[in-house]
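Take a look at the model first.

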Amino acid sequence: MTPPPGPYAGTSTLALVARVSAFSFGLVYGNLKLKYLRGQAKKHKKAEAKAHH
């Protein structure tokens, strides 16, 4: 039987959890950033439309 991998081995549970949580954080951050930017764009368009009238 082989010994369990160390904390810095690519196959350890800790490394896997760290990778998954980093990926999840990236997805959540990306989603929030997109929503924010879309909101800003909408505000800008509304302001522009008001300026034209």
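Predicted model: local features only at pLDDT ≥ 70, side-chain atom pairs only at ≥ 80, totals over all residues.

Q: Why is Tyr 29 called partly exposed?
A: Tyr 29 has a relative accessible area of 47%.

Q: What makes Phe 25 count as exposed?
A: Its relative accessibility is 60%, and the label needs over 50%. Phe 25 therefore counts as exposed.

Q: Why is the pair of Phe 25 and Tyr 29 called stacked?
A: The structure holds one aromatic pair. The ring centres of Phe 25 and Tyr 29 are 6.2 Å apart, with the planes at 15 degrees. Pairing asks for centres within 6.5 Å, and stacking for planes under 30 degrees apart, so this pair is stacked.

Q: How far apart along helix α1 are Phe 25 and Tyr 29?
A: They're four residues apart, which means about one helical turn separates them.

Q: How do you know whether Lys 42 is buried or exposed?
A: Lys 42 has a relative accessible area of 61%. Exposed means over 50%, so Lys 42 is exposed. You'll find Lys 42 in helix α1, which covers residues 13–52. Together with Arg 38, Lys 46 and Lys 50, Lys 42 forms a patch of positive charge on the surface.

Q: How many helices and strands does the protein have?
A: One helix and zero strands.

Note on methods
Residues numbered from 1 in each chain as written. Heavy atoms only, no water. Patch = residues over 30% accessible without salt bridge, like charges linked within 9 Å, V, L, I, M, F, W, Y side chains within 5 Å. Areas by Shrake-Rupley, 256 points an atom, 1.4 Å probe, with all protein chains shown as cover. Salt bridge = Lys/Arg side-chain N within 4 Å of Asp/Glu carboxyl O. Lys, Arg positive; Asp, Glu negative; His and termini not counted. Charge placed at Lys NZ, Arg CZ, Asp CG, Glu CD. Helix = DSSP H or I, 4+ residues; strand = E, 2+ residues; numbered from the N terminus. Buried < 20%, exposed > 50% of the residue type's maximum accessible area, 1.4 Å probe, protein only. Phe/Tyr/Trp six-rings, centres within 6.5 Å; stacked < 30°, edge-to-face > 60°.
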